[in-house]
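Please keep the sequence and the structure in view while reading.

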Amino acid sequence: MFDDEMSVFFDEDDFAVACTRQRPGVTDVQFSGILSTLDAALFEGQATTGQHTLQYPTTAVDMQAQDVLLTVRTTEAGTVLPAQTWRVLRSPDQVVDGAESIVLLAPDSEA
């Protein structure tokens, strides 16, 4: 999936979630990522909103706008929660010298 060096940061036993990227006509890809919600200032700081993001190892998956992403969380007790469905909003931004990527997400009830 990705090299051992990155697996330390994307461990599903800690805080990462299991992810599946879906794209029509392409085989689904499973990988681990860190799902978060960041504050985003809008209208010159007059409004603040939450922006959903996923950070993942760049070599794990090729993501692009309009991909569907399924995320599955497991509780500390080992209970697997229902999958969440997301739509990727735009191409990923690379961070950490390109080793990791971040995509913006929106909840997707139509997928």
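## Residue Q94

Q94 is exposed, as its relative accessible area is 55%. In this report, buried means under 20% relative accessible area, exposed means over 50%, and partly exposed lies in between (1.4 Å probe, protein chains only). The model is predicted, so local features need pLDDT of at least 70 and side-chain atom pairs count only at pLDDT 80 or more, whereas totals for chains, interfaces and linings use all residues. Residues are numbered from 1 along each chain as its sequence is written, and side-chain values use heavy atoms, with hydrogens and water left out.

Q94 belongs to strand β6 (residues 93-95). Strands (E, at least two residues) and helices (H or I, at least four) are DSSP runs, numbered from the N terminus. When neighbours within four places in sequence are set aside, Q94 is in contact with T58, E100 and S101; contact means heavy atoms within 4.5 Å. Q94 and Q55 are separated by 39 residues in sequence, and their C-alpha atoms are 9.4 Å apart in space.

## Salt bridges

The whole structure contains four salt bridges. A salt bridge is a side-chain nitrogen of Lys or Arg within 4 Å of a carboxyl oxygen of Asp or Glu. One of the four joins D62 and R23, whose closest N and O atoms are 3.4 Å apart. This pair links distant parts of the chain, 39 residues apart: D62 is in the loop between β3 (47-57) and β4 (68-72), while R23 is in strand β1 (residues 17-23). D62 is partly exposed, with a relative accessible area of 46%, and R23 is buried, with a value of 15%.

R23 also forms a salt bridge with D67, at 2.7 Å from N to O. Because R23 lies in strand β1 and D67 in the loop between β3 and β4, the pair ties together parts that are 44 residues apart in sequence. A further salt bridge connects R90 and D93, with the closest N and O atoms 3.2 Å apart. R90 is partly exposed at 41% relative accessible area, and D93 is likewise partly exposed at 39%. Through shared partners, salt bridges join R23, D62 and D67 into one network.

Is D67 buried or exposed? D67 counts as buried, because its relative accessibility is 1%. The residue is placed in the loop between β3 and β4.

The side chain of D67 makes a polar contact with the side chain of R23 at 2.7 Å. A polar contact is a pair of N or O atoms within 3.5 Å; within protein, one must be able to donate a hydrogen and the other to accept it, and residues adjacent in sequence count only if both atoms are side-chain atoms. Residues up to four places away in sequence being left out, D67 touches R21, Q22, R23, D62, W86, R87 and V88.

## Strand pairing

Which strand pairs with β1 over five bridges? The partner is β4, and the two run in the antiparallel sense. Two strands pair if DSSP finds at least two bridges between them. Within this pairing, C19 has T71 in β4 as its bridge partner.

β4 also pairs with strand β5 (residues 84-88), in the antiparallel sense and over four bridges. Here L70 stands opposite T85 in β5.
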